Amino acid sequence: VAAGAMGINEVQPYVHSHTFQMNFLGFLRMYRATGDASYLKKVEGVWADVAKRQMYITGGVSVGEHYEQGYIKPVTGHVVETCATMTWLQLTESLLELTGNPKYADAMEKLILNHLFAAQTIDGDCSRYHTPPNGDKGDYFHGPDCCSSSGHRVISLLLMFLYATDNDGIIVNQYVPSGVKIAHWETEVVQETRYPEEERILFHVTPREAVAFTLKLRIPAWCDQPSLSVNGEPQANVEKGRYCSINRTWKAGDTVELLLPMRIEWKQHENYVQPRRTHLQGSEFEEMYEADPAASIPVALLRGPVVYTFDSAWQKLVHPDSPVMDAANVKVDLQRAQAPATVPAPERALGPGLETELVGPDGKSFKVLMVPFANVGRWYADGNNRPEKNSKTFTYATWLPVAGG
């Protein structure tokens, strides 16, 4: 696995992903304790294998609580377990800390902005066991069990993932309205932003007195045209997929502006296969899959790092008189549909919304609001008339079939 010659699923098939990942965290502890680089190399190999074959577009991992063979990633059913989300974030953060490679911070961003909060109800009182990219709202409430606690636990850890330091200065790994005080340089850095709803991020740097250090900002690999300025002066060497280092003597009132333009696009599913569910005899985890050839390849809507979904709960809120459309029956006509347009998000939704056209089962186009996948935890439309918690009242779809495809 470390050499890229085999998949981690071949080491011991159908092992709980969350359990595997806790073992990999143990390997990294051994590396810290002993300096034996073979531990790190093994975990880097595992991470690369999972990220290539088993990581969903939303950043989550696990199929039926395990890693599957090849590129099998069902879009519905028992996939992306919340426990696996927790340890995948912890594992990725540990690799970031040990290597300084921004690809790990990029992967964390994808998971945090998309799948992490999708697994939590909008009321914040429960975390889902599995949160597939396409599905219904009928299984949020369960437990108490491992996932209902892991969801809250990993959210409580998020503050540890935003900033870091090294010998040279301060590192910003994630972009969110926040601030940090670094005692070594007697400096406070405050982020002013509505990212990822907006593309602009301001950093207000306030040292106790003038002090020299390096401020390193992660430039996401997804952003094709980033730009950065310090006190209004454009900076060079702002390259995607790297950290941009600003080495200067900082004074109170210094301001850094980072712009991360976000492209709106329909993205085709990579290495798509049609999964067929079977059962593994004598195992705690009965679900397993075989791959059949795919007749057509679905697409998903993205804006920068944010994945969008057609969610009938939010659609009902925006168009209260429209019938509830089963998300499993809609398609997108990429030839006829207008380009998605940015619109304000509904109240209490993470945004912005994207307005586009989909095709219903009758073949007719209709206008819809697509919302960030993180909003699927809304399991009701009317807060005063909520359905029974486990009822399958609303459906959602991130991966959409292409009409005529």
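This briefing covers helix packing, pockets and backbone features of one predicted model. Residues are numbered from 1 along each chain as its sequence is written, and side-chain values use heavy atoms, with hydrogens and water left out. Because the model is predicted, local features need pLDDT of at least 70 and side-chain atom pairs count only at pLDDT 80 or more, whereas totals for chains, interfaces and linings use all residues. Helices (H or I, at least four residues) and strands (E, at least two) are DSSP runs, numbered from the N terminus.

**Helix packing**

- The axes of helix H1 (residues 17-34) and helix H3 come within 8 Å and cross at roughly 20°, where axes are lines fitted to C-alpha atoms, for helices over the stretch in contact, and angles run from 0 to 180 degrees between N-to-C directions.
- H1 and H3 are therefore roughly parallel, a label for angles under 35 degrees, with over 145 counting as roughly antiparallel, 65 to 115 as roughly perpendicular and the rest as oblique.
- H1 passes H3 in a left-handed crossing, in the sense that the near helix is turned anticlockwise from the far one by less than a right angle, clockwise being right-handed.
- Residues in this contact (heavy atoms within 4.5 Å) include Phe24, Leu25 and Leu28 of H1 and Trp88, Leu91 and Leu95 of H3.
- The contact of H1 with H3 divides into twelve nonpolar, six polar and two charged residues, where Ala, Val, Leu, Ile, Met, Phe, Trp, Tyr, Cys and Pro count as nonpolar, Asp, Glu, Lys and Arg as charged, and the others, Gly among them, as polar.
- For H3 (residues 82-99) and H4 (residues 102-118), the axes come within 9 Å and cross at roughly 155°, which makes H3 roughly antiparallel to H4.
- The crossing of H3 and H4 is also left-handed, and among the residues in contact are Trp88, Leu89 and Leu95 of H3 together with Met108, Leu111 and Ile112 of H4.
- By class, eleven nonpolar, three polar and one charged residues form the contact of H3 with H4.

**Pockets**

- A pocket is defined on a 1 Å grid over the protein atoms alone, as an open set of points where a 1.4 Å probe fits, with protein on both sides within 12 Å along at least five of seven lines, and lining residues have an atom within 4 Å of a point.
- The largest pocket holds about 850 Å³ of space, a volume being the space filled by probe spheres set on the points, which are joined across faces, edges and corners.
- Of the 29 residues lining the largest pocket, Ile57, Lys110, Trp222, Lys267 and Leu302 lie nearest its centre, and H4 gives the largest share of the lining, five residues.
- The lining of the largest pocket has 14 nonpolar, four polar and eleven charged residues.
- The second largest pocket holds about 520 Å³, and the closest to its centre of its 22 lining residues are Ile112, Leu113, Val176, Tyr195 and Pro196.
- H4 supplies the largest share of the lining of the second largest pocket, four residues, and this lining divides into 16 nonpolar, three polar and three charged residues.

**Backbone features**

- The peptide bond from Tyr195 to Pro196 is cis, with omega near 5°, and Pro196 is found in the loop between strand S5 (187-193) and strand S6 (200-207).
- Another cis peptide bond joins Gly351 and Pro352, with omega about 0°, and Pro352 is found in the loop between strand S17 (341-343) and strand S18 (353-359).
- Glu65, although not a glycine, has a positive phi of about 75°, and Glu65 lies in the loop between H2 and H3.
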